[in-house]
Amino acid sequence: MAMAMQLQLIAPFAVLLFSLLCNVAMPFSVVAINVKLSVKPDRRVEFLDVRQMDGAETLAKEPGALQFVVGEDTTTADIFYLHEQYKSMEDFEYHQATPHFAKWKAFCETGTFTEDPTVDIYNCAHDPVKVPGRAAFSLNVELCIKPEVMEEFLKVINNNQNESRAEPL
């Protein structure tokens with residue numbers, strides 16, 4: 001199944017499902033999307049061009065788009081990670097209806113990937129702030145927090161995040 005189709009099928013339900021499974025009230029509106037993409041080596045340059053176009057158009061033309069970052073795996077060539085953030089699920093759905101997303105979707109349907117993309121959608125525990133593109137290192141970690149300690153966990157994470165913002169990149 002093409003990545004664009006996966007996003008259209010998963011997006012409306014992923015956040016609600018997470019909230020229901022964890023029995024956690026989600027007071028956050030910011031929605032993040034992480035995608036792992038395994039690109040065919042002969043499609044690499046075209047992939048980077050299309051991603052760059054979609055990212056630039058997204059940040060320039062969509063008020064609800066907060067972040068759009070693409071990075072390559074540090075150990076395996078042609079494995080890319082996409083991270084996007086939107087003010088709300090509605091803003092992400094708006095993104096999927098734009099002409100630049102249509103170009104990305106059409107590209108995805110041309111046999112671009114060596115395997116189906118992996119898509120994760122989740123809510124964020126921060127204010128909706130637009131973040132400009134910048135050089136950075138990213139680490140993705142999946143944590144399953146027990147509902148009874150969620151509030152305490154979020155306080156610790158927020159405190160850590162505040163200190164991290166003061167660190168130089």
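1. Is Asp-78 buried or exposed? At 11% relative accessibility, Asp-78 counts as buried, where buried means under 20% relative accessible area, exposed means over 50%, and partly exposed lies in between (1.4 Å probe, protein chains only). Asp-78 sits in the loop between strand 2 and strand 3, and although Asp-78 is not a glycine, its phi is positive, at about 70°. Most residues other than glycine have a negative phi.

2. A word on the basis of these remarks: this is a predicted model, in which local features need pLDDT of at least 70 and side-chain atom pairs count only at pLDDT 80 or more, while totals for chains, interfaces and linings use all residues. Residues are numbered from 1 along each chain as its sequence is written, and side-chain values use heavy atoms, with hydrogens and water left out.

3. The protein has five helices and four strands, which are DSSP runs numbered from the N terminus (helices H or I, at least four residues; strands E, at least two). Along the sequence these elements follow the pattern α-β-α-β-β-α-α-β-α.

4. The four strands form an open sheet in the order 2-3-1-4, with antiparallel pairing; two strands pair if DSSP finds at least two bridges between them. Strand 2 (65-72) and strand 4 (118-123) are the edge strands, each of which pairs on one side only. Neighbouring strands of this sheet are turned by 10° against each other on average, direction ignored, with axes taken as lines fitted to C-alpha atoms (for helices over the stretch in contact) and angles running from 0 to 180 degrees between N-to-C directions.

5. Helix 2 (residues 44-61) packs on this sheet, touching strand 1, strand 2 and strand 3 (79-86), and its direction makes about 165° with that of strand 2; contact here means heavy atoms within 4.5 Å.

6. Strand 4 deserves a careful look. Strand 1 (residues 31-38) pairs with strand 4 in the antiparallel sense over six bridges, and in strand 4 the bridge partner of Ala-32 is Tyr-122, while that of Ile-33 is Ile-121.

7. The largest nonpolar core has 21 residues, of which Ile-33, Leu-37, Phe-47, Trp-104, Phe-113 and Ile-121 touch the most other members. Such a core is a set of buried Ala, Val, Leu, Ile, Met, Phe, Trp, Tyr and Cys residues joined through side-chain atoms within 4.5 Å. Among the elements that give two or more residues to this core are helix 3 (89-95) and helix 4 (99-108).

8. Gly-64 lies in the loop between helix 2 and strand 2 and is buried, with a relative accessible area of 6%. Not counting residues up to four places away in sequence, Gly-64 touches Gln-85, Tyr-86, Lys-87 and Asp-91. Gly-64 and Asp-91 are 27 residues apart in sequence, yet 5.2 Å apart in space, C-alpha to C-alpha.

9. Some totals complete the note. Buried residues make up 36% of the 169 residues in the protein, and, of the contacts with a separation of 6 or more, 78% come from residues 24 or more positions apart.
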